[in-house]
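Biologist: I am new to this structure and would like to learn how to read it step by step. Could you show it to me, and then take me through its features?

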Amino acid sequence: MVDSEPEPLCGQEEFTELVADMVKSSAPRLFAIVQEYGERVDARISAWGLDFDDKIEILDVDGRLRMSLMSTDRALWMFSRHPDVSAEVVWVA
């Protein structure tokens, strides 16, 4: 018995489409955490995040803080601890 290369599952074009569908269906959702100062006085994007099925990953815009969390709720709490600052998640379409 001779070892041989496995046969391709399908043609190149179909395989490319299958891979593209796999990437599209498993891609994380991109969001920003926006901090609002006072009541619509000012706002800024504080961090960017990726929402995976089982966790979120966040990187602040200064690049100094990186977090792995279970939900955006926890991230919002971390970015709105000052009494005059609120935070919201804004999903990128």
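**Reading charges, strands and surface**

Modeller: The structure holds four salt bridges, and since this is a predicted model, we shall read them as computed features.

Biologist: What is the general idea behind such a pairing, and which residue forms a salt bridge with glutamate 39?

Modeller: In general, side chains of opposite charge can pair when their charged atoms come close. Here the partner of glutamate 39 is arginine 40, and the closest N and O atoms of the two are 3.5 Å apart. Arginine 40 counts as exposed because its relative accessible area is 66%, and glutamate 39 is likewise exposed, with a value of 61%.

Biologist: Which residues are linked in a network of salt bridges?

Modeller: The network links Lys55, Glu57 and Arg66. Glutamate 57 meets the side chain of lysine 55 at 3.4 Å, N to O, and glutamate 57 also forms a salt bridge with arginine 66, where the closest N and O atoms are 2.8 Å apart.

Biologist: Is glutamate 57 buried or exposed, and how should I read its two partners?

Modeller: Buried means under 20% relative accessible area, so glutamate 57, at 13%, counts as buried. Lysine 55 is partly exposed, with a relative accessible area of 34%, whereas arginine 66 counts as exposed because its relative accessibility is 61%.

Biologist: Let us turn to the strands. What should I keep in mind about a strand in general, and how many bridges join strand S1 to strand S2?

Modeller: In a regular strand the side chains alternate between the two faces of the sheet. In this model strand S1, residues 29-37, runs antiparallel to strand S2, residues 42-51, and nine bridges join them. Tyrosine 37 stands opposite aspartate 42 in S2. The two strands form a hairpin with four residues between them, and in that turn glycine 38 has a positive phi of about 60 degrees.

Biologist: How many bridges join S1 to strand S5?

Modeller: Seven bridges join S1 to S5, which covers residues 85-91, and this pair also runs antiparallel. To find one place where they meet, look at phenylalanine 31, whose bridge partner in S5 is tryptophan 91.

Biologist: Which residues form the nonpolar patch on the surface, and where does the largest share of that patch come from?

Modeller: The patch is formed by Leu30, Ile45, Trp48, Leu50, Phe52, Val61 and Val92, which together have about 530 Å² of accessible area. Its largest share, three residues, comes from S2. Valine 92 lies in the segment after S5, and valine 92 counts as partly exposed because its relative accessibility is 40%.

Biologist: Which residues form the negative surface patch?

Modeller: That patch is made by Glu13, Glu14, Glu17 and Asp21. Glutamate 17 lies in helix H1, which covers residues 12-26, and it is partly exposed, with a relative accessible area of 48%.

Biologist: One last point concerns separation along the chain and in space: how far apart are aspartate 54 and valine 19?

Modeller: The two residues are 35 residues apart in sequence and 22 Å apart in space, taken from C-alpha to C-alpha. Aspartate 54 is found in the loop between S2 and strand S3, the latter being residues 56-60, and aspartate 54 counts as exposed because its relative accessible area is 53%.

Terms used:
Residues numbered from 1 in each chain as written. Predicted model: local features only at pLDDT ≥ 70, side-chain atom pairs only at ≥ 80, totals over all residues. Heavy atoms only, no water. Patch = residues over 30% accessible without salt bridge, like charges linked within 9 Å, V, L, I, M, F, W, Y side chains within 5 Å. Areas by Shrake-Rupley, 256 points an atom, 1.4 Å probe, with all protein chains shown as cover. Lys, Arg positive; Asp, Glu negative; His and termini not counted. Charge placed at Lys NZ, Arg CZ, Asp CG, Glu CD. Buried < 20%, exposed > 50% of the residue type's maximum accessible area, 1.4 Å probe, protein only. Pairing = 2+ DSSP bridges.
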